[in-house]
Amino acid sequence: MHYKDASGRWLTIDPRMKKSEYRIFKAEQQPYPSEINLAQGFTSLKVNAEKILFNQQVRMFGLSGSEELNVQHSSNEVFFTAGDDGVEQRNFFSGVYRQLVADRGSIETNYILIHKPEIDS
């Protein structure tokens, strides 16, 4: 598949993530460039000249009615592995892995329960 860049040249779409800087991965050769930024804690898609940010200040909690129980904030300082298709963060929350899966103009976020999280009051 191909797309036209800002200069009107035809380029091959390449959705593979590549290390840009320490803890920053980008797939820029596509119509909607994507970024996984573990240094600042976000993922993004670039649409025209604007960057749309996702996955910021992620938290996990239980609900009892409208009461939030045992609120946990994520940490981007956890062990991670990165490859062409995205990033996996181990123990993003205690007992929860997070996968950021990159594809053409998209980043899918998956949470995998390794064991039942402590969310009781």
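Tutor: Let us begin with a definition: a residue is buried if its relative accessible area is under 20%, exposed if over 50%, and partly exposed in between, with a 1.4 Å probe and protein chains only. This is a predicted model, in which local features need pLDDT of at least 70, side-chain atom pairs count only at pLDDT 80 or more, and totals for chains, interfaces and linings use all residues. Residues are numbered from 1 along each chain as its sequence is written, and side-chain values use heavy atoms, with hydrogens and water left out.

Student: Why is D14 called buried?

Tutor: The relative accessible area of D14 is 13%. Buried means under 20%, so D14 counts as buried.

Student: How many salt bridges does a search of the whole structure find?

Tutor: The search finds six salt bridges. One of them joins the side chains of D5 and R9 at 2.6 Å, N to O; D5 is buried at 15% relative accessibility.

Student: What makes the salt bridge of K51 and E35 a tie between separate parts of the sequence?

Tutor: The side chains of K51 and E35 meet at 2.9 Å, N to O. Strands (E, at least two residues) and helices (H or I, at least four) are DSSP runs, numbered from the N terminus. K51 is partly exposed at 44% relative accessibility, whereas E35 is buried at 7%.

Student: Why is the pair of F92 and F93 called edge-to-face?

Tutor: Rings of Phe, Tyr and Trp (its six-membered ring) pair if their centres lie within 6.5 Å; planes under 30 degrees apart count as stacked, over 60 as edge-to-face and the rest as tilted. The structure holds three aromatic pairs. In one of them, the ring centres of F92 and F93 are 5.1 Å apart and the planes stand at 75°, so the pair is edge-to-face. F92 is buried, with a relative accessible area of 2%, and F93 is buried as well, at 4%.

Student: What makes the pair of F92 and Y111 tilted?

Tutor: The centres of F92 and Y111 are 6.3 Å apart, with 45° between the planes, and the pair is tilted. This pair links distant parts of the chain, as F92 belongs to strand β11 (residues 86-93) and Y111 to strand β13 (residues 106-113), 19 residues apart. Y111 is partly exposed at 38% relative accessibility. F92, F93 and Y111 form one aromatic cluster.

Student: Why are β10 and β13 said to stand at the edges of their sheet?

Tutor: Two strands pair if DSSP finds at least two bridges between them. The open sheet has four strands in the order β10-β11-β12-β13, with antiparallel pairing. β10 (80-83) and β13 each have a single partner strand, so one side of each is left without a neighbour in the sheet.

Student: How do you know that β10 and β11 pair?

Tutor: β10 and β11 are joined in the antiparallel sense over four bridges, and at least two are required. In β11, Q89 is the bridge partner of F80.

Student: What makes the phi of N91 worth a remark?

Tutor: Most residues other than glycine have a negative phi. N91 is not a glycine, yet its phi is positive, about 50°. N91 lies in strand β11 and is partly exposed, with a relative accessible area of 42%. N70, in strand β9 (residues 67-73), also has a positive phi, near 50°, and is a residue other than glycine.

Definitions and conventions
Salt bridge = Lys/Arg side-chain N within 4 Å of Asp/Glu carboxyl O.
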